[in-house]
Amino acid sequence: MKKQILIAGGGIGGLAAALASSRAGWPVQLLERTREFGEVGAGIQMGPNVVRVLHDWGLGVELARVAAFPDMLRVRNADSGEELGRLMLGERSRTLYGAPYATIHRADIHKLLLAAVQQHTDAELHMGQWVESFHEGDDGVHLHTLDGLELEGQALIGADGLWSTVRHLLLNDDAPRVTGHLAYRALIAQRDLPGYLRSQQVTVWLGPNLHVVQYPVRRGHWLNVVAIVHGQVNGEVDDWDHETHASDLQDAMGETCNKLQDLISAIPNWRLWALCDRPPMTSARQQAQGRVALLGDAAHPMRPYMAQGAGMAIEDAACLQTLLKDPDMPMDKRLERYAQQRWRRNARVQARSIRNGQIFHASGLVRWGRDLSMNLLGQRLLDVPWLYRGPN
Ligand SMILES: Cc1cc2nc3c(=O)[nH]c(=O)nc-3n(C[C@H](O)[C@H](O)[C@H](O)COP(=O)(O)OP(=O)(O)OC[C@H]3O[C@@H](n4cnc5c(N)ncnc54)[C@H](O)[C@@H]3O)c2cc1C
């Protein structure tokens with residue numbers, strides 16, 4: 001059996017896993033179902049817990065070339081525009097957590113990881129290869145793709161996302177659940193916005209049954225905006241992604257303050273996603289069994305209300321690297337330890353993401369209590385030391 005690691009999926013999680021495995025000294029074969037990489041046009045936030053991993057991988061300079069590093073997160077009332085609380089990021093994040101808070105275009109972090117894999121590793125990337133099945137023998141894992149490619153390796157990492165085939169074959173559990181939340185996403189060049197709508201901070205607008213998050217990407221030249229509302233979609237939600245317009249989002253949001261309305265209408269084109277997740281993990285066996293491990297959304301798809309889905313995928317990869325480095329441990333033991341070290345933290349972030357959604361979208365008395373506590377406690381309420389200090 002070849003001494004190599006097989007990875008299904010070439011998203012942020014799969015590429016991070018390829019880099020981590022190679023850094024631990026393992027040859028890698030990565031299989032991606034699409035013929036060309038094409039990340040969606042949207043941004044992601046990366047807390048200092050994630051940026052620290054990228055720094056450890058020597059990617060700090062590349063990151064600084066493409067990301068933005070906001071110095072503040074402000075929470076505002078979506079109806080009145082009034083500020084409810086703020087969290088200092090920038091220098092505070094560097095001092096307390098050893099790395100800045102970054103915001104980045106998805107395509108930029110994907111490209112950055114891909115370049116690192118291509119330049120610093122011997123990983124082989126097989127594009128247009130849809131992992132269809134695998135079976136585990138005594139000495140390793142054999143994998144088959146729809147196109148008839150067969151590969152073998154010491155372990156298989158399923159980093160094949162929300163609708164993971166590897167997960168289905170490994171756990172045979174239910175499909176992801178539809179959350180009833182819809183995400184409208186858009187990017188706009190800051191120069192195309194009037195001055196009063198441009199921003200270099202993270203702003204979160206909270207309203208009943210909705211919230212909107214905006215932050216800079218591409219060194220602050222672009223603004224990413226995500227609006228979450230409640231609603232259902234018709235038909236299949238698998239890979240559900242539609243073009244839509246500002247007017248549809250405005251109808252879905254109803255009355256909000258002028259500045260937020262202006263921001264939404266200043267951006268003509270939006271894309272709409274139906275959000276799905278899984279309940280928080282309940283055991284290590286949901287993250288690895290034998291020589292097969294899950295990583296990223298395949299293991300723990302979450303609502304984006306902690307902005308940590310991709311972050312947890314990158315943390316998973318960093319943990320895998322540590323265990324793959326150990327020269328003596330049998331592979332199933334390494335993956336068992338990986339799962340033991342990761343599942344509780346992943347479950348906690350999944351659970352907290354659900355709770356954040358409830359708090360963000362609260363109405364009535366709960367909303368009143370939330371606003372009051374944010375006014376009184378501000379930074380203490382918005383900071384998440386257990387998360388940002390992690391993973392260990
Ligand atoms: C609205 C929204 C906002 C978000 N904001 C943030 C944020 O601010 N911060 C953050 O950290 N996260 C955020 N996330 C979450 C983040 O996008 C995901 O957690 C992350 O992209 C998961 O990466 P992944 O590599 O695990 O999965 P994916 O990105 O889904 O990649 C899976 C890859 O596997 C491939 N694949 C699938 N099946 C197969 C197969 N059978 N064989 C071979 N290849 C296969 C796919 O083509 C794909 O390339 C957000 C998500 C949403 C929806």
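In this predicted model, helix H9 passes helix H10 in a right-handed crossing. H9 also gives the largest share of the shell around the ligand, 4 residues. An open sheet of 8 strands has mixed pairing.

**H9 and H10**
- H9 spans residues 309-325 and H10 spans residues 331-360.
- Their axes come within 9 Å and cross at roughly 155°.
- Angles over 145 degrees count as roughly antiparallel, so H9 and H10 are roughly antiparallel to each other.
- On the H9 side, the contact uses Met 312, Asp 316, Cys 319, Leu 320, Leu 323 and Leu 324.
- H10 answers with Arg 334, Arg 337, Tyr 338, Gln 341, Arg 342, Asn 346 and Val 349.
- By class, this contact of H9 with H10 has 7 nonpolar, 2 polar and 4 charged residues.

**Ligand shell**
- The ligand is surrounded by 35 residues.
- Gly 9, Gly 11, Gly 161, Gly 296 and Gly 309 are the closest.
- Elements giving two or more residues to the shell include helix H1 (12-23), strand S2 (28-32), strand S12 (177-189) and H9.
- By class, the shell has 17 nonpolar, 13 polar and 5 charged residues.

**Sheet**
- The strand order is S5-S4-S13-S14-S15-S12-S17-S16.
- Strands S5 (83-88) and S16 (241-245) stand at the edges. Each has a single partner strand, so one side of each is left without a neighbour in the sheet.
- The twist averages 20° from one strand to the next.
- S4 (residues 72-77) and S5 run antiparallel, joined by 5 bridges.
- Arg 76 stands opposite Glu 83 in S5.
- Helix H7 (residues 246-253) lies across S12, S14, S15, S16 and S17. H7 runs at about 90° to S16.

Terms used. Residues numbered from 1 in each chain as written. Predicted model: local features only at pLDDT ≥ 70, side-chain atom pairs only at ≥ 80, totals over all residues. Axes fitted to C-alpha atoms, helices over the stretch in contact; angles between N-to-C directions. Parallel < 35°, antiparallel > 145°, perpendicular 65-115°, else oblique. Left-handed = near helix turned anticlockwise from the far one by under 90°. Contact = placed C-beta atoms within 7 Å. Nonpolar A, V, L, I, M, F, W, Y, C, P; charged D, E, K, R; others polar. Near = placed C-beta within 6 Å. Pairing = 2+ DSSP bridges.
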